[in-house]
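I opened the model to look up one side-chain contact, its surroundings and the packing elsewhere. My notes follow.

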Amino acid sequence: MNFVTSYREVCDSRSFEPRNLARAIAIRAMAVKDYLLQAEEHLKKPRIQFLYFHHLFKDEEQNFKKTLTFLAKAHEFISYSEAIQKILTNTIDKPYIVFSSDDGLKNNLRAAAILEEYGAVACFFINPSIIGERSYQKIEGFCKERLIFPTVDFMDWKDVEFLLKQGHEIGSHTMNHINIAEEPIERVREELLESKEMITKKIGEVMHFAYPYGRFFHFNEQARKLCFELGYQTVASAERGSHVNGPREITLQELCIRRDQVIFGWDMHEINFFLVQSARKACFDNSFFPYSR
C-alpha cells in the first residue's frame, strides 16, 4: 500500500499555485513586522488558545518540537476538558495552550509521544468508519473524497485505546467526515449518533465533538442543538481565535470552541504569525456561535 509518509510528498501531490507562494511571502513579511513591534507580548495575555493539527509526518517533527519549546516559555499546557471548565467558570488566569487533532491519522501516535515529552496531552477527534480500515481502496477513496488529501494510514482501535490510557482524550468528528451544512438533518443525526455509539462501545463515553471542515458555514444552528440533544457536551469549530474571561459565565450549550490550525511543515514565522494574531484578537465574543445569539 502506497501511503504518503512525508509532508513534502503532500506538497508535491498538489498542483503549484502562485498565490500560495505570494501568501507565504506576505505572511513572513507580516510576521517579521510583528516581531519588530514586539507582538510576542500578546502571547503573554491570559487566554486559552486551542491549537489543532491533522498530521505529524517525520519531516514535521523538528518544527513541532520547536513550536512546543517556544510555547512552553510563556504558556501552561492543559487538557481539553480542563480548558472547557476554565472557560465556563471565567477562571482564565494565565496563558494556556490546548492541543487537539482531527481525522485519526496513524502518525498522530508520534505526535502524542512528543506531546508527552513536554507534559502535554491532546484530544483526538476521530471518524469511526475509517478507524482500523485495511482496504487500501476504501482508504484512498475516503482521503480523496472526504479529506481532500493524499492517501494516508489511519489508526486502529488499539491505537485509540492506547492514547486514552496515556491520558489523552478521544472525541467524535462524525462517522464519515461529512459536511454537515450540506446534509439533511436526519443524515446528520445518524452520523452524530452512530459515531458516538461506536466510540462509546469501543473505548467508553465520548463528551467532545468537532465538526468536519470547521468553518461556521460548514455547520448550522439545527445541528448545534442536535449535538447536545444526543449527549455531546461540547462543540468545536476550526475558526481561529482565543478565549478570555468575560462579563458573565457561559453554559456548555452556548460555547463555541475556536481552534487554530497549525501545520508543522510550515515555516516557524508562519506558525508564530497565526499564534500571535489569535492572541491579539482574543475576546469574549469568540466563545459563541454567530447563529446562536
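I looked at His55 and Glu60 and found a polar contact of 2.9 Å between their side chains. Such a contact is a pair of N or O atoms within 3.5 Å; within protein, one must be able to donate a hydrogen and the other to accept it, and residues adjacent in sequence count only if both atoms are side-chain atoms. This is a predicted model: local features need pLDDT of at least 70, side-chain atom pairs count only at pLDDT 80 or more, and totals for chains, interfaces and linings use all residues. Residues are numbered from 1 along each chain as its sequence is written, and side-chain values use heavy atoms, without hydrogens and water.

I placed His55 in the loop between strand E1 (47-53) and helix H3 (61-72). Helices (H or I, at least four residues) and strands (E, at least two) are DSSP runs, numbered from the N terminus.

Is His55 buried or exposed? His55 has 6% relative accessibility, so it counts as buried (under 20% relative accessible area; exposed is over 50%, partly exposed in between; 1.4 Å probe, protein chains only).

I then listed what His55 touches (heavy atoms within 4.5 Å). Leaving out residues up to four places away in sequence, the list is Tyr7, Glu60, Leu105, Asn107, Asn108, Phe149 and Ile263. Leu105 is 50 residues from His55 in sequence, yet 6.4 Å from it in space, C-alpha to C-alpha.

Next, the largest nonpolar core: 70 residues, with Phe99, Phe154, Phe209 and Phe219 having the most contacts inside it. A core here is a set of buried Ala, Val, Leu, Ile, Met, Phe, Trp, Tyr and Cys residues joined through side-chain atoms within 4.5 Å. Helix H10 (residues 268-280) gives the most to this core, seven residues.
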